[in-house]
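The entries follow the structure.

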Amino acid sequence: MTVNPAPNSFRNGPDEQGRFGIFGGRFVAETLMPLILDLEKAYAEAKVDPAFRTELDGYLKHYVGRPSPLYFAERMTAHVRALAEAKGGTGGAKIYFKRDELNHTGAHKVNNVTGQILLAMRMGKKRIIAETGAGQHGVATATLCARFGLQCVVYMGAVDVERQKPNVFRMKMLGAEVIPVQSGTRTLKDAMNEALRDWVTNVADTFYCIGTAAGPHPYPMMVRDFQSVIGHETRAQMQEAEGRLPDSLIASIGGGSNAIGLFHPFLDEPSVKIWGVEAAGHGVESGQHAASLTGGRPGVLHGNRTYLLMDDDGQITDAHSISAGLDYPGIGPEHAWLHQMGRIDYISATDSEALEAFQLCSKLEGIIPALEPSHALAKVVQLAPDLPRDHLMVVNLCGRGDKDIFTVAEHLGGM
Amino acid sequence: MTTRLATRFAQCAAEGRAALVTFVTAGDPDHVTAQAILHALPGAGADIIELGVPFTDPMADGIPIQLAGQRALRAGQTLRKTLAMVRDFRKRDAATPIVLMGYYNPIYVYGVDVFLKDALAAGVDGLIMVDLPPEEDAELCLPALKAGLNFIRLATPTTDDKRLPKVLQNTSGFVYYVSMTGITGGVIASYDAVGEAVARIKAHTNLPVAVGFGVKTAADAAAIAKGADGVVVGSALVEKVRLSLDGAGKATPATVSAVTDLVSELARGVRSVRKAA
């Protein structure tokens, strides 16, 4: 193993090759290379164009509904303090929810999609393709395509089509074509394979709107930038509420876009402790999980080098999570690097822990969270009691649970 | 040292014809049958063999090659076993070039240096890695060239004149022109456009240019062979494997000949077009 010296900043990545340390890169077919270079150039120009920023901010405010509130979760806080007392402690962190579940379409995904769709139009692309797992990214993409009159094709694993029916219906209502993917394991990774096959075939008019901070450069950087609105708002809102920085941040991680969006503006604040929560499924030791950092190792898939779940021959293995949005055998390359550098502490929550937190949050706060952030909430309940009362903890409530009620009902035996 | 690829392309050129490059997936439908297919290819008329390395997530492949890879993986194929197939082949055939084609992850996980050593020892001549564009040359291309293996680059309809020199820079053995924007097994829209693209590439390099993606019949092969130095057929061959299997997906006595019969036809197609030597 090479020893990694601490960098001057954790916020300078990626380099010109699209690398975060050894992670990231551009591992794509030659057919796509010119397209990816075009995209990189177009994004670099848009990023410094004040007109693009103004346009994006306008849609984020009036269409998406930003800024999302930073909400003091009073009863959740009381709950963790009661847990602390029961253990003979006096602590219990003060818990805030960053409420990205209140966005139009019900999750953080729309932040990124709004940015990418405006960029696609700037590039003159008329046809948008996307992959989706839980369907939230597909719904957000279908929504923006409807808003701007663009053709939209969404690839979704046939297994996910089955377990996320409300979102499939939503996408169709919005005018998108939803293509169930029958290849491989018929989940998110296969949807991404199929979207890449579409893109390589329809290079002239098609823009691939990737839903998470993964894929070939410049996607991990671009998606992170568009999602960083979460962290920038949190910083300003916490300043207003408490007059200082938060002490810790916590978010769930599949590909990792909601997490990197919250974390990135705080990476160079050494006082801010950061936890990323992967999906442990039936438990990492069971082999049926989606925790690529905890249970995987570095490899190359979907255009980037990152931590992957795979066997000794380099064949990608099935991920498992109760949450379709976390059911992916990889993770964004910037998370892989931050893990290697030790800046972020990556932990995991099981299906059953997430289910418990789902119910707890619903009952205590009157907020039905998606199963994805329920993984983060599960760890809040475990971590917060051991932290002092003046510790300010922000959890990214990145999606609402409407889409998950049938899955949860099934697991709880019809409630 | 003259490589097997250079020698074979020179022989075909001397005969005034294009080379027939046949792709089959290693381990499809099982290790033993795949080995028998591999042994039978040169006799049926294959000049060069591309041996597909199965991968769970073949992002540039159409359904025929996806299914072939799944069959091979289900039957227990690994990169180690694929190298063993090449070793066995070399015991009988010292002249037919073998190029491994696939995706980077299995090689990355095997370990690049160890892999290159083992591949050379097994008798592999070159590598075609779909997901390693010139931007990632440091990963495998440069180490492979240094180790003495050919690294065959894909050029595509989106590779314009400005980019072509970058694509050709570290290419060796031959250039693989992808006939269309799309995945393997698609449909070639225009032979004329392919011919023009081959001419364009040949203006930039002295390497032989082989054309693949979408060549299915002897007539396709003959049409492509007019301008190209090599014609690659893959999806059509692995479809022959699939169609020869029994109800349980197992090989039958007809499996090997299903492949070699088509190879013979394709070889006749390629040989029907005479070019100036």
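I looked up the contact between the chains first: 27 residues of chain A are in contact with 32 residues of chain B, two residues being in contact if their C-beta atoms, placed from the backbone, lie within 7 Å. This is a predicted model, where local features need pLDDT of at least 70 and side-chain atom pairs count only at pLDDT 80 or more, while totals for chains, interfaces and linings use all residues. Residues are numbered from 1 along each chain as its sequence is written, with chains lettered from A and ligands numbered from 1 in the order in which they are written.

On the chain A side, I found that β2 (23-27), α1 (33-47), α8 (188-201) and β11 (297-301) each give two or more residues. Helices (H or I, at least four residues) and strands (E, at least two) are DSSP runs, numbered from the N terminus. The largest share, six residues, comes from α8(A).

Next I checked helix α9 (residues 219-227) of chain A. Eight of its nine residues are buried, so the helix is largely enclosed by the rest of the structure. Buried means that 20 or more other C-beta atoms lie within 10 Å of the residue's own, with C-beta atoms placed from the backbone. Among the buried residues I noted Tyr219(A), Met222(A) and Phe226(A).

I read four strands of chain A in an open, antiparallel sheet, in the order β1-β2-β12-β11. β1 (19-20) and β11 of chain A are at the edges with a single partner strand each, so one side of each has no neighbour in the sheet. β11(A) pairs with β12 (residues 303-308) of chain A over five bridges, antiparallel; strands pair if DSSP finds at least two bridges between them. I also noted that Arg297(A) has Leu308(A) in β12(A) as its bridge partner.

Conventions. A residue is buried if 20 or more other C-beta atoms lie within 10 Å of its own, exposed if 12 or fewer, and partly exposed in between; C-beta atoms are placed from the backbone.
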